[in-house]
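Here is a friendly walk through one protein model, meant for someone meeting it for the first time. Have a look at the chain first, then read on.

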Amino acid sequence: MQAEQLRDFVIEKIEELKGRDIRVLDVMEQTDVAEYMIVCSGSSKTHVRSIANHVATESKHHGVAPLGVEGNEHSEWVLVDLGDVIVHVMQEPIRDFYELEKLWGRK
């Protein structure tokens, strides 16, 4: 799956579980680690964990095995590394504190 297709696939999977405030950050020119970062919010620890697990499971079923999933233990911020696309699923207070959109946004 190409990076753009994977990006769109991940957004669809997040929307299926009602992830909120989905933002796509194009980080191609800022890092070699990924082409896109997707940030979204979940309403609770359970919701955050469910969204991240759904993205990881569905990606694997479509031939893109996650390189890693971090943060499931506490589920305030779960990261799913799909190679070209890195997904951050966060609770609102954590998202507000770290401000990834500002950190990775174009200057």
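## A first look around

K18 counts as exposed, because its relative accessibility is 63% (buried means under 20% relative accessible area, exposed over 50%, and partly exposed in between, with a 1.4 Å probe and protein chains only). Before going further, some ground rules: this is a predicted model, where local features need pLDDT of at least 70 and side-chain atom pairs count only at pLDDT 80 or more, while totals for chains, interfaces and linings use all residues. Residues are numbered from 1 along each chain as its sequence is written, and side-chain values use heavy atoms, with hydrogens and water left out.

Back to K18, which sits in the loop between α1 and β1. Most residues other than glycine have a negative phi. K18 has a positive one, and so does D21, also not a glycine. D21 belongs to strand β1 and is partly exposed. Here are the two side by side:

| Residue | Phi | Relative accessible area |
|---|---|---|
| K18 | near 65° | 63% |
| D21 | about 50° | 36% |

Now for the whole fold. The protein has 4 helices and 5 strands, counted as DSSP runs numbered from the N terminus (helices are H or I with at least four residues, strands are E with at least two). Along the sequence they come in the pattern α-β-β-α-β-β-β-α-α. The radius of gyration is 13 Å, close to the 13 Å that the globule rule gives for 107 residues, so the protein is as compact as a globular protein of that length (this radius is taken over C-alpha atoms, and the rule is 2.2 Å times the number of residues to the power 0.38). The C-alpha trace spans about 35 × 30 × 20 Å along its principal axes, and 42% of the 107 residues count as buried.

How are the strands arranged in the sheet? They make an open sheet of 5 strands in the order β1-β2-β5-β4-β3, with mixed pairing (two strands pair if DSSP finds at least two bridges between them). At the edges are β1 (20-26) and β3 (68-70), each pairing on one side only. From one strand to the next, the twist averages 15°. Strands β1 and β2 (residues 36-42) run antiparallel and are joined by 5 bridges; R23, for instance, has V39 in β2 as its bridge partner.

Helices pack against this sheet. Helix α1 (residues 3-16) touches β1, β2 and β5 (85-91), and its direction makes about 0° with that of β2. Helix α2 (residues 45-61) lies across β2, β3, β4 (77-81) and β5, and runs at about 165° to β5. Axes here are lines fitted to C-alpha atoms, for helices over the stretch in contact, and angles run from 0 to 180 degrees between N-to-C directions.

And the inside? The largest nonpolar core has 21 residues, of which V10, I14, L82 and V87 touch the most other members (such a core is a set of buried Ala, Val, Leu, Ile, Met, Phe, Trp, Tyr and Cys residues joined through side-chain atoms within 4.5 Å). Its largest share, 6 residues, comes from α1. Another core, of 8 residues, lies apart from it and includes V27, A34, M37 and L100.

One last stop is S75, in the loop between β3 and β4. S75 is buried, because its relative accessible area is 0%. Leaving aside neighbours within four places in sequence, S75 is in contact with K45, V48, R49 and Q91 (contact means heavy atoms within 4.5 Å).
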